[in-house]
Amino acid sequence: MGTLRVERLDGSDSGILLLGLERPEAKNALGRQLLREITEALATIAEDLSLRVVVLHSLVPGVFCAGADLKERSGMSQEEATAFVMQLRATFTALENLPMPTLAAIEGAALGGGLELALACDLRVVGGSAKLGLPETSLAIIPGAGGTQRLPRLIGRARAKELIFTARRFGAAEALRYGIADRITEAGQALESALGLAREILPNGPVALRAAKEAIDRGLDLDRPGGLSLEAACYAKVIPTKDRLEGLAAFKEKRKPKYRGE
């Protein structure tokens, strides 16, 4: 039985892909099978130019992802545990590196590796009853799937240290105030809100969206001159596209553009 449901939307939502975590007996804990299915799905998604937005969510009521499967972890040797965490880190990096925008719709618990998974997405929509946190130090370990790197880049060094050092759990309002959540909504409405955000993104030029994501993500690791040079290189990718000409024509003709990702 699979633990990840991949659903490609159609009709007016064509171009949106839903990745649904579905491991109810373990509260979507990240075990070997779920991790393998996520890894395989991401490899396919990365090569699919027809996809414009990816939305990660949970199909298990009351939980997004409870983190790593500690029951499974307890049966691993030190070498196996190290290899598993390395694979987690690599998979979350593959999610972060997807060329199209990615959104996480969070309901319920998003703890440890579950929050690290959401942090690898571009944007996060959080339901009102969600509980988030990186509790690893309370288990005498540290966030090992990118949390110590992505969280401070997102919310600042001191705030990230506070949350990691204390292992404190926090809710949706605090997540929004810290900048971890980009939007919050009533409990149970995170997926619908994330889909609304995806629909705002969907009509825009696919090549431009990918170029903008690359310029932002890679530019943050460069100094200002290097970032500006990267921006110029990314802009150069959109100049020869048919979409750019379509955008100009639609503006002139006062109609909505129809972009094809070409």
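Helix 11 is followed by lysine 254, whose phi is positive, near 55°. Helices here are DSSP runs of H or I with at least four residues, strands are E runs of at least two, and both are numbered from the N terminus.

The model is predicted, so local features need pLDDT of at least 70 and side-chain atom pairs pLDDT 80 or more, while totals for chains, interfaces and linings use all residues. Residues are numbered from 1 along each chain as its sequence is written, and side-chain values use heavy atoms, without hydrogens and water.

**Exercise 1.** Find which residues of helix 11 are buried (under 20% relative accessible area; exposed is over 50%, partly exposed in between; 1.4 Å probe, protein chains only).

*Solution.* Step 1: the buried residues are Asp243, Glu246, Gly247 and Ala250. Step 2: they cover an arc of only 105° around the axis, taken from the directions from the helix axis to the C-beta atoms, which puts them on the same side of helix 11. Step 3: the face turned away from this buried side carries the exposed residues Leu245 and Lys252.

**Exercise 2.** State which residue forms a salt bridge with glutamate 246 (a side-chain nitrogen of Lys or Arg within 4 Å of a carboxyl oxygen of Asp or Glu).

*Solution.* Step 1: the partner is arginine 255, and the closest N and O atoms are 2.6 Å apart. Step 2: glutamate 246 counts as buried at 17% relative accessibility, whereas arginine 255 is partly exposed at 34%.

**Exercise 3.** Locate the two residues of the salt bridge between lysine 237 and glutamate 214.

*Solution.* Step 1: their closest N and O atoms are 2.7 Å apart. Step 2: lysine 237 lies in helix 10 (residues 224–238) and glutamate 214 in helix 9, so the pair ties together parts 23 residues apart in sequence.
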